[in-house]
Every structure is written in structure tokens, then in C-alpha cells.
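Good morning, and thank you for the time.

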Amino acid sequence: MAYGFLDIASTQSVQAAQAANGSAEYWSGFQGSRAFGRLTDAEVAFIRSRDSFYMATVSENSWPYVQHRGGPPGFLHILDDRTMAFADYRGNRQYISVGNLAANDRAALIFMDYPGRRRLKMYGHVEACSLVDHPELAERLAIPGYRAKAERALLVHLKAFDWNCPQHITPRFSEPELADALAPVRQRVVELEAENKRLRQQLAGGTVGPAT
């Protein structure tokens with residue numbers, strides 16, 4: 001079974017670098033344990049729970065451009081096992097990614113899970129889609145309560161993906177993730193403060209009895 005991501009990434013210069021660094025023999029015969037050209041339930045769940053990702057495109061003068069995209073969990077939609085979609089909202093109006101994709105629709109994406117130290121990377125072809133011509137897609141991609149103007153939909157047609165190892169991924173936590181993790185601690189603080197208040201009242205009254 002072919003290992004789709006490296007089939008794309010292993011150009012002649014990459015293979016030369018592998019040979020120079022002693023890894024050519026390992027990667028030359030590497031075969032994936034499953035196809036990496038269709039999203040499984042694991043990738044779908046991972047992508048849907050992300051609140052951001054990074055997307056790299058290449059300009060007509062061959063310079064790469066990496067853009068951070070973000071939104072509430074759920075802003076990334078999986079249309080099928082080879083297609084992801086999200087609304088492209090108006091930003092600083094430089095349109096660098098949009099312009100790059102108009103000339104070359106290839107993109108590389110990275111999705112990060114910092115608390116879980118997981119990283120998913122993806123190659124895909126990106127298609128710009130009019131929201132006016134596809135109102136059903138516009139409705140599906142809309143974020144309730146989000147006031148920014150959606151100018152188009154971007155559809156990522158999967159070519160290949162791969163999971164990276166967790167090495168050097170420093171755990172970082174968002175405010176909601178910290179709130180969930182600290183909820184038991186906050187509850188314990190409330191209980192201890194109540195117990196402390198009860199003891200102070202008993203001391204002031206000259207008696208200290210067991211907690212009821």
C-alpha cells in the first residue's frame with residue numbers, strides 16, 4: 001500500500017537529503033499500514049474539534065506563504081471523506097492566500113492539538129466556491145453570532161495526509177480547556193472556603209464542632 005504523503009513529498013532533492021543523512025534506505029521501501037488518501041473517523045473527529053489550523057500556499061514568484069486560520073470548534077466542516085470546507089471571512093483584505101490559490105490550487109495544512117501533543121498534516125487542492133451560488137453551503141458553514149462577513153467558501157480536496165510524532169510539541173491550553181481542567185479545583189476551593197467560614201464562626205462563638 002502506497003504511503004501517499006511521502007509519495008508527494010519525496011522529490012528528488014528530498015531523496016538526496018535522505019541519502020545524505022542516512023535515511024534513504026528506510027524511506028525508499030516504506031509502505032503505509034493503510035491508505036492516507038481518505039479521512040477516517042479519527043481524522044474527522046480531530047479536524048472538527050480544532051479551533052485553528054495553518055495553511056501554506058505558494059505564490060507565482062515561488063515564495064511560500066503560511067496563514068493561520070481560526071474559529072470556534074466546529075468551524076471546519078467535513079463534507080465527505082475527501083473534502084473539508086470552511087468559510088473564508090473578510091480580514092485585512094490582502095488576499096494573499098486567495099490570490100496564490102487562484103494561480104496554484106495546491107496547499108499544505110497543519111492541524112495542532114497542543115494539549116494532546118498531536119499533529120495532523122495534509123496536502124490538498126483548494127477550491128474557492130461562491131456562497132451566493134451555493135446558499136445551502138453558506139448556511140452550513142455559517143458560525144452563529146459571528147459578525148464577520150463571509151466572502152467565499154474554501155473547499156479542500158484531500159490529496160494525502162499523515163500524522164506526526166509528538167516530539168517537541170509543547171502542551172498549551174486554551175481558556176475553555178483550562179476551565180474544564182480546573183473545574184474540580186475551583187469546586188474544591190469553594191468547599192474549603194465554606195469549611196473555613198464555618199470554623200471561623202464556631203471559633204467566634206466559642207465552640208468548634210464537627211462539620212455537619
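**Salt bridges, a pocket and a surface patch**

Arg 90 has a relative accessible area of 35%, so the residue counts as partly exposed. Please bear in mind throughout that this is a predicted model.

What does the side chain of Arg 90 meet in a salt bridge? The partner is Glu 151, with an N to O distance of 2.8 Å. This pair links distant parts of the chain, since Arg 90 lies in the loop between E4 and H5 while Glu 151 belongs to strand E7, 61 residues apart.

Glu 151 also forms a salt bridge with Arg 152, at 3.6 Å from N to O. Arg 152 is buried because its relative accessibility is 17%, and the limit for buried is under 20%. These contacts belong to a network of salt bridges that links Arg 69, Asp 88, Arg 90, Glu 151 and Arg 152.

Let me turn to Asp 88, another member of that network. Asp 88 sits in strand E4, and it is buried, with a relative accessible area of 4%. Its C-alpha atom is separated by 11 Å from that of Leu 76, which is 12 residues away along the chain.

A search of the whole structure finds eight salt bridges. One more deserves mention: Arg 118 and Asp 113 meet at 3.1 Å, N to O. Here Arg 118 is partly exposed, at 37% relative accessibility, whereas Asp 113 is buried, at 7%.

I now come to the largest pocket, whose volume is about 370 Å³. Its lining comprises 24 residues, and those nearest the centre are Gln 67, Arg 69, Asp 88, Tyr 89 and Gly 91. Two or more lining residues come from each of strand E2 (64-70), strand E4 (83-89), helix H5 (96-103) and strand E7 (150-164). Which element gives the largest share of the lining? That is E2, with five residues.

Finally, the surface. Phe 173, Leu 178, Leu 182, Val 185 and Val 189 make a nonpolar patch of about 410 Å². Leu 182, one of these residues, is placed in helix H7, which spans residues 175-205. With 36% relative accessibility, Leu 182 counts as partly exposed.

Thank you; I welcome your questions.

Key. Residues are numbered from 1 along each chain as its sequence is written. This is a predicted model: local features need pLDDT of at least 70, side-chain atom pairs count only at pLDDT 80 or more; totals for chains, interfaces and linings use all residues. Side-chain values use heavy atoms; hydrogens and water are left out. Patches are made of residues with over 30% relative accessible area and no salt bridge: like charges are joined within 9 Å, nonpolar side chains (Val, Leu, Ile, Met, Phe, Trp, Tyr) within 5 Å. Accessible areas come from the Shrake-Rupley method with a 1.4 Å probe; for residues, only the protein chains shown count as cover. A salt bridge is a side-chain nitrogen of Lys or Arg within 4 Å of a carboxyl oxygen of Asp or Glu. Helices (H or I, at least four residues) and strands (E, at least two) are DSSP runs, numbered from the N terminus. Buried means under 20% relative accessible area, exposed over 50%, partly exposed in between (1.4 Å probe, protein chains only). On a 1 Å grid over the protein atoms alone, a cavity is a set of points where a 1.4 Å probe fits but cannot get out, and a pocket is an open set with protein on both sides within 12 Å along at least five of seven lines; lining residues have an atom within 4 Å of a point. Grid points are joined across faces, edges and corners, and a volume is the space filled by probe spheres set on the points.
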